[in-house]
Each structure stands twice: as C-alpha cells, then as structure tokens.
Amino acid sequence: MPSYAIIGAQWGDEGKGKITDYLAEKADVVVRFQGGDNAGHTIYANGHKFALHLLPSGSIRPHTLNILGNGMVINPVSLSLEIKTLKGVGLNPNIAISNRAHVILPHHIEKDKENEKTQNIGTTLKGIGPAYMDKVGRTGLRMGAFVNEALFEAYLRNDQTHDLTEEKIKALLTTYAPFQKELAPKVQDTSYLLSEAFKKDQFILFEGAQGTLLDIDHGTYPYVTSSATSAAGISQGAGVSPKQIQKVLGVVKAYTTRVGEGTLVSEMNEELAHQIREKGNEYGTTTGRPRRIGYLDLVALKHAHRVNQFDALILTLFDVLSGIHPLKLVIAYDYHGTRLETFPAEPEILAECTPIFETLEGFDEDLSTLSDYNQLPQAAKLYLKAIEKHTGIPVGMISVGKHREQTLRMTNIL
Ligand code: IMP
C-alpha cells in the first residue's frame with residue numbers, strides 16, 4: 001500500500017486540507033508531523049465547514065487513524081476544543097498523539113506576542129516559535145510528561161526559564177488538569193504505531209502544514225515558521241525512515257498567496273488581487289488576515305521542487321482564475337539587470353527582484369462544474385502545460401472548488 005506525502009509548495013494555504021481529506025477516503029492513517037495550531041485546514045464535507053488547526057485532515061473520515069506526530073507543538077486547550085467541535089457534529093475522530101510532541105503553554109503565546117513587537121514576522125501569535133525554541137533549547141515540555149500529573153508539576157517547579165511564580169504554577173496545574181485527563185488516553189509512541197501500520201501494509205498519508213517557502217531552512221528566512229515544512233521534515237517529525245515515503249505530492253495554488261511579512265515578488269496590483277481574494281476567499285483560516293495575492297511564481301515552485309522532488313503537482317483553486325486576463329507565470333527574476341533562475345536565499349536580494357513573466361491567454365468559463373480534465377477550456381489546458389513545461393513536474397490532479405467532488409484527476413500518477 002502507498003505512503004504519500006502531501007506538501008505545500010508555496011507559502012501555505014494551498015488547500016492541503018481539502019486534498020488530504022479527498023485522498024483520505026482510502027487512507028488508513030493520516031499523520032501531521034510539524035507545526036501546531038498556526039495551521040488552518042478547511043474542509044467542506046457532510047454539509048459542514050470544518051476548520052482544522054491541529055487535527056489531521058483525516059479526522060472527518062470515520063475509518064481513519066489520525067496521528068499528531070512528535071514534530072508538532074500542541075496547545076492542549078486548542079486540541080480539546082477542536083475535538084469537541086467535531087463531536088458536536090456527531091464525529092468521533094480516532095486520534096493518537098505522540099508522547100514526544102511538545103506542548104504550547106500560555107507563556108509561549110505571551111512570548112510570541114512580545115517578540116512580534118520588535119521582530120515583525122507577522123506570526124499567527126499561537127506561541128509556535130517560542131515552543132520550538134524551548135524544544136531545541138532542551139527546556140521544553142513533551143506530551144508524555146504533560147499528561148502525567150507528577151511529571152507536569154515537577155516540570156513547572158524545576159523550570160528556570162519562564163519566570164513561573166508559585167501562583168502561576170498553581171493556576172497552570174488547575175487549568176490543565178481536565179486537559180491532562182482528556183488527552184492522556186490518546187498519548188502514546190506514535191512512531192511505533194506507524195511502524196505497525198507499515199507492517200500491516202496500510203495506506204498512510206503524511207499531511208504537511210504551512211508550505212515549503214515557510215520552511216525554517218528552505219523558506220524565506222526569517223519570514224518563516226519554526227519547523228521543517230518540506231518532505232524532509234516527515235522522517236524527523238513522524239519517526240519514520242525517509243525510505244518509507246513512497247511519493248511526494250506538491251499542492252500548489254493556481255496563483256500565489258502569502259500572509260505575514262516578507263517579499264512576494266509576484267505580487268499583483270491591488271485591483272486584481274482584490275478580485276481574486278474575494279472569489280477565492282483568501283482570508284486566513286486561523287487569523288482572518290487578508291492574504292496577499294500574486295501570479296504563480298515558478299521560480300519559487302522550482303525551488304520547492306528541488307527540495308521536495310515532487311512526483312506530481314496538485315493544482316488548487318484553478319476555478320478562481322476564470323476571468324483574469326491575461327494570465328501570467330513568473331518564469332525568472334530580474335535582479336538589477338541579472339536574470340535569476342533560482343530562488344535567492346537572502347531576503348535583501350529577494351526584496352530587490354522583479355518578476356519576468358510569460359504571458360498566456362486567460363479563460364472565462366466556469367470551471368467549478370467540470371468533472372473531467374478534457375472539459376477544460378483550451379486556455380486552461382495551455383496554462384497547465386506551461387507549468388509542466390517550466391517545472392518538469394506532471395500535474396496529477398486539479399481542484400476546481402471547495403467540495404470533494406470538485407476534483408479532477410488527470411493521470412494515474414496518484
Ligand atoms: P508562526 O508559524 O505563527 O510562527 O508564523 C510564522 C510565519 O508563518 C508567518 O508569516 C505566518 O503568517 C506564517 N504561517 C504560519 N502558519 C501558516 C499557515 O498555516 N498558512 C500560511 N501561513 C502561515
């Protein structure tokens with residue numbers, strides 16, 4: 001049985017939630033391996049809209065085991081709320097939480113807010129960066145210790161880094177007691193669980209959060225998140241071998257969006273951006289912030305491909321491009337008269353790059369009602385062909401709307 005990775009090929013918000021949910025129809029296990037409730041995966045199913053932040057996108061499917069891997073940072077309060085929301089609509093997601101995942105506590109959120117006053121990264125203010133700082137600084141709290149009353153109290157009492165007064169410790173113990181009790185039965189060695197799933201030859205999906213351009217190493221540092229969002233993060237963040245990931249699927253929006261600070265070379269004029277933002281509902285699932293909009297940036301996409309080696313692309317929100325004339329693809333950058341084909345590492349260089357476009361004819365047809373690739377208008381087909389030509393990656397699937405059935409499969413690469 002296959003094990004697929006679903007990886008964001010841009011700055012997050014590519015529609016990975018919908019795609020994971022779609023592919024989860026046949027999956028036995030869905031695994032999150034990095035990030036926390038900074039993510040926002042929206043799924044429309046069973047007549048409801050689900051905004052998942054911590055739970056893997058297989059949580060809507062009754063038969064799927066959903067693993068929150070060791071590479072995640074988990075806010076227990078948010079997790080409990082998400083579980084409750086699903087239970088409220090009659091779902092009872094099957095969840096396993098890694099005992100090695102780290103915990104986000106209130107002081108991480110406070111620190112995130114404090115840091116933002118000077119750093120101005122545009123974070124989601126969920127405490128993600130400070131929790132990962134504690135992890136690599138070896139002062140973090142892991143889920144296994146959190147759900148053990150004695151270990152949690154010992155952790156708080158031995159803490160030297162967060163200025164925890166007796167009053168704060170007591171408040172934390174009281175606040176978190178119900179969450180410890182609720183989550184304890186779900187906390188286990190999820191790397192072991194996964195090894196058993198592999199032995200049983202089960203179908204496993206690894207669900208990326210954020211996107212490759214937000215990767216701590218390969219993204220637009222320092223305007224990135226604090227985890228390894230690319231396929232390489234799976235092995236470390238889920239406790240599996242790189243040899244166990246069979247295919248890497250890159251989810252890419254038909255255009256580009258970005259929230260938070262940092263350069264967006266392909267950014268559009270506001271009039272066009274507004275049109276796409278409204279049609280594509282380009283507002284943050286977690287923060288509600290309006291997303292910045294750009295043309296599809298193939299320099300950035302090729303960078304993501306180099307890091308991830310995508311077996312196929314899954315192009316999302318293609319229907320939103322209907323009525324945009326002309327369509328443009330960023331095929332290179334101009335840096336003070338020099339043509340750049342590769343994505344620069346330095347934010348200072350990126351900030352001074354301007355896009356070199358390939359211009360294509362647009363289309364006006366409504367794609368959202370189509371059920372087959374062959375029904376696509378010629379201009380839409382040429383847009384896909386141009387992406388394939390420049391990147392060398394086959395487009396394997398297209399999403400033309402938020403619902404499961406608005407998905408066109410093009411090749412049998414999946
Ligand atoms: P953090 O992950 O909250 O520390 O935020 C760091 C950067 O990543 C900011 O630019 C955020 O806007 C961005 N970011 C974090 N999570 C997401 C996401 O799920 N989608 C898009 N951007 C994200």
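Q: Is D201 buried, partly exposed or exposed?
A: In this predicted model, the relative accessibility of D201 is 44%. Buried means under 20% and exposed means over 50%. The value for D201 lies in between, so D201 counts as partly exposed.

Q: Where does D201 lie, and what is its phi?
A: D201 is placed in the loop between α8 (190–199) and β10. Most residues other than glycine have a negative phi. D201 has a positive value although it is a residue other than glycine, with phi near 60 degrees.

Q: Which loop holds N46, and what is the phi of N46?
A: The loop between β3 (41–45) and β4 (48–52) holds N46. N46, a residue other than glycine, has a positive phi, near 50 degrees.

Q: What is the omega of the peptide bond from Y221 to P222?
A: P222 is found in the loop between β10 (204–207) and α9 (232–238). Most peptide bonds are trans. The bond from Y221 to P222 is cis, and its omega is near 5 degrees.

Q: What is the omega of the peptide bond from H325 to P326?
A: The loop between β15 (312–316) and β16 (327–335) contains P326. The bond joining H325 to P326 is cis, with omega near -15 degrees.

Q: Are helices α6 and α7 roughly parallel or roughly antiparallel?
A: Two packed helices are described by the angle between their axes and the distance between the axes. The axes of α6 (residues 149–158) and α7 (residues 166–183) come within 11 Å and cross at roughly 155 degrees. Angles over 145 degrees count as roughly antiparallel. The crossing angle therefore makes α6, relative to α7, roughly antiparallel.

Q: How many nonpolar residues are in the contact of α6 with α7?
A: From α6, the contact uses E149, F152, E153, L156 and R157. From α7, it uses E166, I169, L172, L173, Y176 and Q180. By class, there are four charged residues, one polar residue and, as the number asked for, six nonpolar residues.

Conventions:
Residues are numbered from 1 along each chain as its sequence is written. This is a predicted model: local features need pLDDT of at least 70, side-chain atom pairs count only at pLDDT 80 or more; totals for chains, interfaces and linings use all residues. Side-chain values use heavy atoms; hydrogens and water are left out. Axes are lines fitted to C-alpha atoms, for helices over the stretch in contact, and angles run from 0 to 180 degrees between N-to-C directions. Helices (H or I, at least four residues) and strands (E, at least two) are DSSP runs, numbered from the N terminus. Angles under 35 degrees count as roughly parallel, over 145 as roughly antiparallel, 65 to 115 as roughly perpendicular and the rest as oblique. Contact means heavy atoms within 4.5 Å. Ala, Val, Leu, Ile, Met, Phe, Trp, Tyr, Cys and Pro count as nonpolar, Asp, Glu, Lys and Arg as charged, and the others, Gly among them, as polar. Buried means under 20% relative accessible area, exposed over 50%, partly exposed in between (1.4 Å probe, protein chains only).
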